[in-house]
Amino acid sequence: MHRGDAIGRHTLRLRNATRARGFESHIYVDVTEEETARETIPVLEYPASAQPGDVAVYQFATASYMAPWLAGRGETLVVNYHNITPPDLLAPWDNHLALGQLRAQADLRLLAPRTALAVSDSAYNEAHLIEAGFAATAVIPPSAALGHDVIAVGIDAQVPARETPRGARWLAVGRVAPNKALQDTIAALAVTRAHDDPEATLLVIGKPATALYDRALHRYVDELGLHGAVTFAGHASDAVVAAAYAQADVLVITSEHEGFCVPAVEAMSVGLPVVAFGQGALPEVLGDAGTFVTSKDPYALSNTIDALLADAPRRASVTQAGRHRLDSLDLASAAERFVALLVALVESGGRRR
Amino acid sequence: MASDKVSVLGHPTERPSWVPRARPVASTGVSAPLTPPGDHDDGEGRETNEEKAAAALHAAFSRLAPQGNDAWNFLAAFTHLGDRYGPYHPGTSGLSDLLGEPGPDRRTRRTRLARLRPRGDRPTADDARREMEEAMAQVVEAFRFLSARVGTLEQRLAHQDRPIDAVPWLVPAEELGPWAGPVAAHMVAMTPGGAVLHADCGEGLLLDTLAQGGVDALGVEPRGGVALRALERGCAVTICEALETLETLPSGTLGGVVLSGVVDRLALHELLPLLSQTRRALQSAAPIAVVATDPSGNGSDRGAAALELVAGRPLHVETWEILLDRAGFVDIAPLTRDGVDDGRFALSATTPS
């Protein structure tokens, strides 16, 4: 469990919300990370402390020995599904990663028959659960949007310095992985700089998922003459990310596949316009707050971003729409709503009606 | 995404087909029908210049994916083995020992404890199969170590050859300028027919001149920002290194080749395969022209970083005569022009009849 990623944060909030309801709750992990060792317990210690009536909530995001292990146990099982990146998107870059995703898909199908309830963070993800054979499903958005942390942390932190302070500031946040298709954002930036805004820049915040894809992106930036216009900041602290949101003019999302997209929510939290490739859960998550493109044409994306940035009333409108969208997502109560589902499940005898 | 990004994974319930395949072909290959410069949106469905430029930008990134190269194929082969015989999920895990067995059917296998039960005197078919699978697991591990060793070797060689990737962006694109007319005239006069390729084509000055002379012109330019200007004017340009494009062309198809810019920045061991591939791709009795910087001149306008990081350097005319001769070209002669000396010279030659 990593403290810095969305699933780690979500798991911690869920545990705390469960304890706030008066239940005993612990986080068990197969692999202990040093940064979260104080918050977690090795899963092999669980059987010794297992009690009748225990409910196991499995945070499902990747292939793990946890899946077959849980499949063989008897506790009431709730699967909290965070999406599996289609292996097809990863295979051209990293066979090993792709194999992991293929196994994750198999794990999901393995768990379906013995899961009392599967919770996803979007209707888009819920469809995957139904397809995998889960009979009882629910949708609750993740409780780990940075927006709230932005308010807490403040926005006066340092961000990586850029050589050209003028020009539109594009921002991309999220794992630097092949399914994020950052090359499409970079291509659009090349078009914008060639035609409309020679000083537009792009800041990419996120940890590389595979070295080959990361290297190809850097090379692509160089080949398009964008060295100095694109900054790869890598993994950044909450303070740096918060400052980046505050200083950016637009969040650009060109992912091929998004199960929810926490950065989109974070952008709405700080009033940052979002331009996105309209696929996966993004239209559902952003609603009217998002400005969508339907193709990966860099000229179309460039024109859409440039038009939005030049249209102050439209920007104000999408910012307002973002606030309404956040209200409807009601992320502040997401953890409590999740716990309420668990309580209802327990009270109904372990099966959701 | 480029259509040549073929999924290599079959249906999740089937064994994945990690099939090694050839590298994706660069875009705007010779076989594609060529159209003269200018916007082609004539309402009859032909691609506009922007659409072609967008396709070229996408293709420029697609060719950076490792799929199809030797390293990817190697990993694909033993990932397939790993899927069948390797551990469920490589990496440390507290649960892995508990679950015990490698291979995809681990959930139905007996635990190690169960395997210690007394056997009969004769080994069963099950025992033989298990021994074979454990042996294959060892083979997978051996491949993993081998891959690591090869990777180390490759890294060392790469750093010797090319300390940084995508070197062209360090060297400014140099247009042919006053050489465009004489070179184009020579190509028009000497070509036996077919397309004439120019690398590095820059913003496409020679391509335009060749087109005006009625010759199909193809450009190769590794600096994407420069190539974009040529693409948007309707030139047929691939964003790529010259050698990468030439390697994809069928033998004996080009009607002529002009090499400029690229010849000043490639190391000798890269120039030799470039000339060899040029020779192969040209038809019989087809012309080649080399426009190169005279190293005896006033000195390079390269910046300090380019001087120190770019392996190639301009070569004297005598050296080029030798290189062309060794590559199998005949009728090697200076190509002259009127006007002020710009520090460059040109040579022409042909492939044998």
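I started with A:N125 and listed what it touches beyond four places away in sequence: A:Y81, A:N83, A:S120, A:G259, A:F260 and A:A281. Contact here is when two C-beta atoms, placed from the backbone, lie within 7 Å.

The model is predicted; local features need pLDDT of at least 70, side-chain atom pairs count only at pLDDT 80 or more, and totals for chains, interfaces and linings use all residues. Residues are numbered from 1 along each chain as its sequence is written, while chains are lettered from A and ligands numbered from 1 in the order in which they are written.

**A:N125**

I placed A:N125 in helix α6 of chain A, residues 123–132. Helices are DSSP runs of H or I with at least four residues, strands are runs of E with at least two, and both are numbered from the N terminus. Is A:N125 buried or exposed? A:N125 is buried, because 23 other C-beta atoms lie within 10 Å. The cut-offs are 20 or more such atoms within 10 Å for buried, 12 or fewer for exposed, and partly exposed in between, with C-beta atoms placed from the backbone. I also checked A:N125 against A:A307: they are 182 residues apart in sequence and 32 Å apart in space, C-alpha to C-alpha.

**Sheet in chain A**

Next I traced an open sheet of six strands in chain A, in the order β9-β8-β7-β10-β11-β12, with parallel pairing. Two strands pair if DSSP finds at least two bridges between them. The edge strands are β9 (230–234) and β12 (290–293) of chain A, each pairing on one side only. From one strand to the next, the twist averages 25 degrees.

I then looked at β7 (residues 169–173) and β8 (residues 201–205) of chain A, which run parallel and are joined by five bridges. A:R169 stands opposite A:T201 in β8(A).

**Helices on the sheet**

Helix α10 of chain A (residues 238–247) lies across β7 and β8 of chain A, at about 145 degrees to β7(A). Helix α13 of chain A (residues 298–309) packs on the sheet and touches β10 (250–253), β11 (274–277) and β12 of chain A. The direction of α13 makes about 155 degrees with that of β12(A). Axes are lines fitted to C-alpha atoms, for helices over the stretch in contact, and angles run from 0 to 180 degrees between N-to-C directions.

**Confidence**

Chain B has a mean pLDDT of 78, and 71% of its residues reach 70 or more. pLDDT is the predictor's confidence in each residue, from 0 to 100. Over residues 1–44 of chain B the pLDDT is below 50. For the complex, the predictor gives an ipTM of 0.83 and a pTM of 0.83.
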